[in-house]
Amino acid sequence: MISPDDRIEDLLEKHPGLNAFLMEHGIVCVLCGEPYWGTLGELIARKQLDLEKIMAEINQRFPS
């Protein structure tokens, strides 16, 4: 299960399609080919999105 505490670089390595999903929600986690050096929860908070809703969608589309 993906968690808000997971680091972006680890998630993108394990789930390459996650980047496109996040971009659909306005969350940019790769800039100039380099991943954001933080957690998924931090990126979601920056965009002031509903953490629980986004996490539910992520875990439905990207089961571990």
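Which residue forms a salt bridge with glutamate 9? The partner is arginine 7, and the closest N and O atoms of the two are 3.1 Å apart. A salt bridge here is a side-chain nitrogen of Lys or Arg within 4 Å of a carboxyl oxygen of Asp or Glu. This is a predicted model, in which local features need pLDDT of at least 70 and side-chain atom pairs count only at pLDDT 80 or more, while totals for chains, interfaces and linings use all residues. Residues are numbered from 1 along each chain as its sequence is written, and side-chain values use heavy atoms, with hydrogens and water left out.

**Confidence and elements**

- The mean pLDDT (the predictor's confidence in each residue, from 0 to 100) is 89 for the protein, and 92% of its residues reach 70 or more.
- Helices (H or I, at least four residues) and strands (E, at least two) are DSSP runs, numbered from the N terminus.

**Salt bridges**

- The structure holds two salt bridges.
- Glutamate 24 forms a salt bridge with arginine 61, with the closest N and O atoms 3.5 Å apart.
- Because glutamate 24 lies in helix H2 and arginine 61 in helix H4, this pair ties together parts that are 37 residues apart in sequence.
- Glutamate 24 is exposed, with a relative accessible area of 56%, and arginine 61 is partly exposed, at 47%.

**The aromatic pair**

- Searching the whole structure turns up one aromatic pair.
- The partners are phenylalanine 21 and phenylalanine 62, arranged edge-to-face, with 6.0 Å from centre to centre and 75° between the planes.
- Phenylalanine 21 sits in helix H2 (residues 18–24) and phenylalanine 62 in the segment after helix H4 (51–61), so the pair ties together parts that are 41 residues apart in sequence.
- Rings of Phe, Tyr and Trp (its six-membered ring) pair if their centres lie within 6.5 Å; planes under 30 degrees apart count as stacked, over 60 as edge-to-face and the rest as tilted.
- Both phenylalanine 21 and phenylalanine 62 are buried.

**The nonpolar core**

- A nonpolar core is a set of buried Ala, Val, Leu, Ile, Met, Phe, Trp, Tyr and Cys residues joined through side-chain atoms within 4.5 Å.
- The largest one has 17 residues, and those with the most contacts inside it are Ile2, Ile8, Leu18, Leu22, Leu40 and Ile58.
- Helix H1 (8–14), H2, helix H3 (40–46) and H4 are the elements that give two or more residues to this core.

**Contacts to look for**

- Contact means heavy atoms within 4.5 Å.
- Not counting residues up to four places away in sequence, isoleucine 2 touches several residues, including Leu11, Leu40, Ile58, Asn59 and Phe62.
- Asparagine 59 has its place in helix H4 and is buried, with a relative accessible area of 18%.
- Leaving aside neighbours within four places in sequence, asparagine 59 is in contact with Met1 and Ile2.
- Threonine 39, in the loop between E2 and H3, is buried at 14% relative accessible area.
- Leaving aside its neighbours within four places in sequence, threonine 39 is in contact with Pro4, Asp5, Asp6, Arg7 and Ile8.

Terms used: Buried < 20%, exposed > 50% of the residue type's maximum accessible area, 1.4 Å probe, protein only.
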